[in-house]
Amino acid sequence: MDVFGGTLVIIAVLFILLSLYLEWIGPAYTFLVAVVFLGIFGVLSPSEILAGFANEQLAVIILLILLGDIIRRTSVIEIAFERIFKRANTVSRFRNRMMIMVGFFSAFLNNTPLVAIMMPFVHNWSKKHNESPSKLLIPLSYAAILGGCATLIGTSTNLIVSGFVQDQSIIPNLEPLNMFDFAYVGVPMLILGYLYLALFSDKLLPWNKDALSDISRSSRKFILEAQIRPKSHLINKPLHQSGLIGIEGLFLFEIIRDKQTIKVSDEGLILKENDMLRFAAESNNVADLLSDTSGLTFPKVGMLKHKSKTELVEVVVSHNSTLISKEVQQINFRAKFNGALIAIHRNGERLTGVIDDEKLRAGDVLLLLVDDLFEERITYSSDVYYISQIKEVRRLGVFRTTLLLGGTLVAIMLSAFRIIPLFMGIMVLLLILLPLKITSPKDLHKSIDYDLILIIALAIALGNAMLKTGVADMVANIFIEAFLPWGHVALLAGIYFVTSILAAYITNKAAVALIFPISLSLAANLDLNPMPFILVVAFAAAANFITPHGYQTNLMVYGPGRYTFRNFFRIGFPLTLIYMAGTIAILSLMYF
């Protein structure tokens, strides 16, 4: 082992673990800092740092994201879902149909937009049938994860592992992963996961009131700030005469005056011009505060208030949003979304500071006042996802719909049978879609997740640094000493456990980057078939059910479902144990 280089790699790895767990900086910037650090000290050369960007699987991930976004924007899947759920009139029927369909589609399409598409369906169905979305949103996320694990292209985690296999130098002439190498484990575990959720979801999931439309007063859903405008009828009025207290769903809890915070406890308190009032309110009450007769103004709204058509919409901050860790005052919501931020909900947490100073987090629900250009802006953004459904369905017609879905299926099957690479198949399909105006060249780049690309490319460089310096071998030998006395199955279990824990608390992509070189080194050092050691890392990282932050779809449903960490652990921990036991059992029977 290169002692100096290895020490630097260990420092970089520890920095990544701490930064991601404590949320010091975003995941992409964390990897960038770590890799640049290794580059400065010569552990990685510039060509080694950049090598990951030339990885074929990274290009495939980009193309699949583009294709998935085309399918999402053309509403093909939404139309299918509308027909499938038409007669689902009970929670169990809706949930079971939803899990079957989402599990199937997520095996071949990116699961994040699938969950984004389904969330408005879940909300609207729950509202119509007076049911709680919290009984459905975690099963929605888990079904997407279970389905995504079944194929090479079902989740970016599997494609990242495939990219590592192509770039590795530990085992010469190692065969690349095929489309359905994951199916031998993924399909049986999809079935087991479906049965588990169908049987135990009602018992293990909470019945929370709908976080979007039926919030109890005590839940204090949205936190917002409104200012008493000049010449307002509220000026010099005591609180008890203002009409702002005693309203169901609206709670005035603080007044900020001349940078001093006044707790609202005296109903005789006199209101002054420019007082900033802090409310906890339901979304319906926010609309009342925006009216001309309220005597209040929202400074961020500006000229939007005078637009002929505006509406309040709710969106959730995505897991890889550029808004994360930014203060509200640093974000130009008008430029990004043609809207103004009115209020924030953070899963029941009381925001103690001024909203402008709040740093946004993944999973925050934002209430935006927007105009008719918002739909166009949000369609191409990966910063936030819809909760309330406001866009119209765009119908392609039979021919173009058949071409889009059929072409996607043909490209996948040609790749599965090794007739042409998946990269070439999707490229050809995109070239066919462009002249038919199913998509536009100027729109394609808007769908690219640049943070994801950066993380994957830099993770490949980090993995190479671990191999180059001998850190991977060192850790692999520790695994051998700890688990080999109990057999090869114990080795797989140890790898699965460590990868799963890392994925649950620091993101699955980071877990793959750290554990893949160690797992492959284990196989090489013991002269064993490397395939189970490759696949176990992929399944442990992707099948992430324990925490909301472990997988992006979990985070998407976390706020809207008003879940707690305990809710995820209660239903996700048994599923994780089932998935772990099933994965290790199947891999052991196949390869040992």
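Strand S2 and strand S4 (residues 276-281) pair in the antiparallel sense over six bridges. Strands here are DSSP runs of E with at least two residues, and helices are runs of H or I with at least four, numbered from the N terminus. Two strands pair if DSSP finds at least two bridges between them.

This is a predicted model: local features need pLDDT of at least 70, side-chain atom pairs count only at pLDDT 80 or more, and totals for chains, interfaces and linings use all residues. Residues are numbered from 1 along each chain as its sequence is written, and side-chain values use heavy atoms, without hydrogens and water.

**Around S2**

S2 covers residues 250-257, and seven of its eight residues are buried, so the rest of the structure largely encloses this strand. Buried means under 20% relative accessible area, exposed over 50%, partly exposed in between (1.4 Å probe, protein chains only). S2 also runs antiparallel to strand S3 (residues 260-263), joined by four bridges. S2 and S3 form a hairpin with two residues between them. In that turn, Asp258 has a positive phi of about 50°.

| Residue | Stands opposite |
|---|---|
| Glu254 | Lys263 in S3 |

Phe4, Tyr29, Leu32, Val33, Val36, Ile40 and Phe41 make a nonpolar surface patch of about 680 Å². Patch residues have over 30% relative accessible area and no salt bridge; nonpolar side chains are joined within 5 Å, like charges within 9 Å. A salt bridge puts a side-chain nitrogen of Lys or Arg within 4 Å of a carboxyl oxygen of Asp or Glu. Helix H2 (residues 27-40) gives the most to this patch, with five residues. Val36 lies in H2 and is partly exposed at 41%.

Notes. Areas by Shrake-Rupley, 256 points an atom, 1.4 Å probe, with all protein chains shown as cover.
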